[in-house]
Amino acid sequence: MGLINRFLLLLLSLMALALSISVLGAVFGWLPEAVWLDAIHYALGRQETIAVAVVVLLISLRLLGQVFSSSKEKVASKGEYVIESGPRGEVRVALDALRNFTDRLAREAHGVRDARVTVKAKNRKEGADLSLQLDLVVGREAEVTKLSEKLTTTIQQQLEQTMALTDVPVTIVIKDVSDAQPSKKHRVV
């Protein structure tokens, strides 16, 4: 759910909360009948009431539309990716295997202290699409532009050579620059 829809949901929820408290107050007698009847008669005679009602109606319709709309594309980070499909069968690779493979390649690069790899597979009508994101912690000695170019080229070449995957977009995000020693363990997320 987007930021705008969350804000609209917050407004609608606060209005529903206030209305519920008012109704409970009237039912249990916390609000005298004369007070809430006068408030209702006053509100029904105002033009602002119409404006608020229209705004609440529009917000409700927008959120209701979001509930029943299908997402544009589904992104998977678990499961399998079809490399080759033919009359004799399919060749699939687990997304975890792609993640581990890319993780090892990233950690072997000079200057990389830590790596976190995210693999996304998007299923579309005309075929699947695969993308990689690497969140890296690099040392101060690393030249980020050269490192990212070299790492992107290496990953794309290895994916093409090993798994026949071409044109896989690789996004590199430098999360931190650190003087710490490279982590010994292979942390795969």
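## Model and conventions

This is a predicted model: local features need pLDDT of at least 70, side-chain atom pairs count only at pLDDT 80 or more, and totals for chains, interfaces and linings use all residues. Residues are numbered from 1 along each chain as its sequence is written, and side-chain values use heavy atoms, with hydrogens and water left out.

## Overall architecture

The protein has 5 helices and 6 strands. Both are DSSP runs numbered from the N terminus: helices are H or I with at least four residues, strands are E with at least two. In sequence order the pattern reads α-α-α-β-β-β-α-β-β-α-β.

Of the 189 residues, 24% count as buried. Buried means under 20% relative accessible area, exposed means over 50%, and partly exposed lies in between (1.4 Å probe, protein chains only). The protein exposes about 13500 Å², and carbon and sulfur atoms supply 58% of that area. Areas come from the Shrake-Rupley method with a 1.4 Å probe; for residues, only the protein chains shown count as cover. Take the contacts between residues at least 6 apart in sequence: 62% of them join residues at least 24 apart. Contact here means heavy atoms within 4.5 Å.

Helix 1 (residues 3-27) holds Valine 23. Asparagine 5 is found in helix 1 too. Asparagine 5 counts as buried, at 5% relative accessibility. Beyond residues up to four places away in sequence, asparagine 5 touches Arg62, Leu63 and Gln66. Valine 23 is partly exposed, at 45% relative accessible area.

Tryptophan 36 sits in helix 2 and is partly exposed, with a relative accessible area of 28%. Neighbours within four places aside, tryptophan 36 is in contact with Ala26 and Leu31. The C-alpha atoms of tryptophan 36 and alanine 26 are separated by 7.3 Å, at 10 residues apart along the chain. For valine 23 and tryptophan 36, 13 residues apart, the C-alpha separation is 9.4 Å.

Leucine 57 has its place in helix 3 (residues 47-68). Leu57 also belongs to a nonpolar surface patch with Ile50, Val54, Leu58, Leu61, Leu64, Val67 and Phe68. Together these residues have about 850 Å² of accessible area. Patches take residues with over 30% relative accessible area and no salt bridge; like charges are joined within 9 Å, nonpolar side chains (Val, Leu, Ile, Met, Phe, Trp, Tyr) within 5 Å.

## The nonpolar core

In soluble globular proteins, nonpolar side chains tend to be buried together. Here the largest nonpolar core has 27 residues. A core is a set of buried Ala, Val, Leu, Ile, Met, Phe, Trp, Tyr and Cys residues joined through side-chain atoms within 4.5 Å. Leu98, Leu130, Leu134 and Leu159 touch the most other members. Helix 4 (95-108), strand 4 (112-124), strand 5 (127-138) and helix 5 (144-163) are the elements that give two or more residues to this core.

Leucine 130 touches Tyr81, Leu95, Leu98, Val119, Lys120, Ala121, Leu165, Val168 and Pro169, not counting residues up to four places away in sequence.

## Serine 178

Serine 178 lies in the segment after strand 6 (170-177). Serine 178 is buried, with a relative accessible area of 17%. Its contacts, neighbours within four places aside, are Arg113, Val137, Val138, Gly139 and Arg140.

## Salt bridges

The count comes to 7 salt bridges. The rule asks for a side-chain nitrogen of Lys or Arg within 4 Å of a carboxyl oxygen of Asp or Glu. Aspartate 103 and arginine 107 meet in one of them, at 2.9 Å from N to O. Being 4 residues apart in helix 4, aspartate 103 and arginine 107 are separated by about one helical turn. Aspartate 103 is buried at 2% relative accessible area, and arginine 107 counts as buried at 14%. Asp103, Arg107 and Asp114 are linked in a network of salt bridges.

Glutamate 48 pairs with arginine 46, the closest N and O atoms being 3.1 Å apart. Glutamate 48 is partly exposed at 47% relative accessibility, and arginine 46 is partly exposed at 35%. Lysine 146 forms a salt bridge with glutamate 143, with 3.4 Å between the closest N and O atoms. Lysine 146 counts as exposed at 53%, whereas glutamate 143 is partly exposed at 47%.
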